[in-house]
Amino acid sequence: MALSTDLSEILKSNGANMVGFADLRKLPENIRDVFPRGISIGVALDPGIVLGIKEGPTREYYEEYRRINRLLGSLGRRAARFLEKQGFSAKAYAATSVGIDFKTHTTRLPHKTIATRAGFGWIGKCALLVTEPFGPAVRLTTVLTDAELPAGKPIDKSRCGDCTVCVDACPGHAPSGRNWELGLYRDSFFNPYDCRKTARKLARERADIRETICGICIAACPWTQKYVKKRLEHE
Ligand code: B12
Ligand code: SF4
Ligand code: SF4
């Protein structure tokens with residue numbers, strides 16, 4: 001117990017907003033490199049920057065995306081070092097860009113899988129992980145370990161209900177509107193090719209950026225709106 005509390009505190013005092021532990025033993029061994037546990041780490045987007053991307057990506061959002069990726073990288077390495085010092089094995093993953101199959105837009109072990117197993121949230125109609133405190137306005141990374149950390153309660157079903165805000169807001173019509181549940185493959189309710197094409201076009205036209213960044217669905221989600229409103233009211 002003390003190990004997980006110490007690790008959580010270290011990561012949160014260094015910028016993490018969410019830290020959770022997942023029991024991965026039901027996943028195939030080859031995708032989790034035989035490690036039984038995953039640590040999900042989330043960093044929330046700045047609420048002011050999220051407000052700016054309602055119509056599409058901005059330079060500020062791109063800088064925030066890069067800042068959070070760097071931060072997630074250092075949090076992952078910090079967690080792995082901490083566990084190794086206690087005698088465990090650990091492997092930190094990159095936030096993005098490592099091990100992607102660019103034909104199918106998939107990775108072997110997506111961060112969202114670890115996040116739902118840790119009980120962070122569910123997969124929304126927009127195919128993003130939606131959390132109650134931050135909506136989908138949270139970026140993720142993963143650390144695999146053999147430390148038997150106390151696992152969170154997995155979430156297996158969507159809590160989007162009848163909401164269709166992201167479906168209506170997406171200029172690429174990537175989400176179909178179908179609700180996710182455990183076992184439903186991404187491509188059955190979301191078109192990653194249309195998303196990528198639209199996001200790259202918007203990033204180029206609006207901010208002269210040659211990357212896949214957009215985030216209209218992030219800003220539109222009522223859970224994100226709730227987070228942004230709450231945070232800005234307290235400033
Ligand atoms: C490839 C990729 C893309 C592709 C495909 C997107 C997609 N949804 O798959 C493209 C280029 C389109 C893309 C676009 C974007 N991306 Co992207 N992308 C990735 C990447 C590198 C891999 C994702 C992947 O493997 N997808 C394959 C499918 C199969 O999985 P999945 O949808 O990720 O998740 C499925 C599983 O997790 C499964 N699942 C959930 N729980 C469980 C439990 C069990 C037991 C099992 C078996 C399965 C399972 O359900 C999900 C739906 O089927 C991840 C980083 C990473 N390494 O994970 C970032 C990531 C998904 N992207 C992210 C973001 C933010 C974006 C963009 C908003 C761009 C931007 N930054 O502005 C858009 C939004 C797209 C969208 N609405 O989904 C974030 C999402 C954060 C969040 N809150 O969810 C991630 C996690 C990066 C990060 N480090 O935070 N991306
Ligand atoms: S990132 Fe943009 S294009 Fe992709 S699903 Fe969200 S709103 Fe649609
Ligand atoms: S906008 Fe609505 S449907 Fe889309 S992810 Fe958020 S709650 Fe779910």
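Student: Which element gives the most to the shell around ligand 1?

Tutor: That's α4, with 5 residues. Before we go on: this is a predicted model, so local features need pLDDT of at least 70 and side-chain atom pairs count only at pLDDT 80 or more, while totals for chains, interfaces and linings use all residues. Residues are numbered from 1 along each chain as its sequence is written, chains are lettered from A and ligands numbered from 1 in the order in which they are written, and side-chain values use heavy atoms, with hydrogens and water left out.

Student: What makes a residue part of the shell around ligand 1, and how many residues surround the ligand?

Tutor: One of its heavy atoms has to lie within 4 Å of the molecule. For ligand 1 that gives 38 residues, and the closest are Thr107, Thr116, Cys126, Leu129 and Arg186. By class there are 26 nonpolar, 8 polar and 4 charged residues. Here Ala, Val, Leu, Ile, Met, Phe, Trp, Tyr, Cys and Pro count as nonpolar, Asp, Glu, Lys and Arg as charged, and the others, Gly among them, as polar.

Student: Which polar backbone atom is 2.9 Å from a nitrogen atom of ligand 1?

Tutor: One belonging to Val138. A polar contact is a pair of N or O atoms within 3.5 Å; within protein, one must be able to donate a hydrogen and the other to accept it, and residues adjacent in sequence count only if both atoms are side-chain atoms. A backbone N or O atom of Leu184 also lies 3.4 Å from an oxygen atom of ligand 1.

Student: What surrounds ligand 3?

Tutor: Gly124, Lys125, Cys126, Val130, Cys160, Cys163, Val165, Cys166, Cys221, Pro222 and Trp223.

Student: Why is Cys126 called buried, but Cys195 partly exposed?

Tutor: Buried means under 20% relative accessible area, exposed over 50%, and partly exposed in between (1.4 Å probe, protein chains only). Cys126 has 6%, so Cys126 is buried; Cys195 has 29%, so Cys195 is partly exposed. Cys195 belongs to the shell around ligand 2.

Student: What makes Phe82 buried?

Tutor: Its relative accessibility is 15%, so Phe82 counts as buried. Phe82 is in contact (heavy atoms within 4.5 Å) with Leu3, Asp6, Leu7 and Ile10, leaving aside neighbours within four places in sequence. Phe82 and Asp6 are 76 residues apart in sequence and 9.6 Å apart in space, C-alpha to C-alpha.

Student: How do you know the span of α3 is close to that expected?

Tutor: Helices (H or I, at least four residues) and strands (E, at least two) are DSSP runs, numbered from the N terminus. The expected span is 1.5 Å times one less than the number of residues. Helix α3 has 27 residues and reaches 39 Å from first C-alpha to last, close to the 39 Å expected.

Student: And Thr142: buried or exposed?

Tutor: Buried, at a relative accessible area of 2%. Thr142 lies in strand β6, and its side chain makes a polar contact with the side chain of His111 at 2.8 Å.
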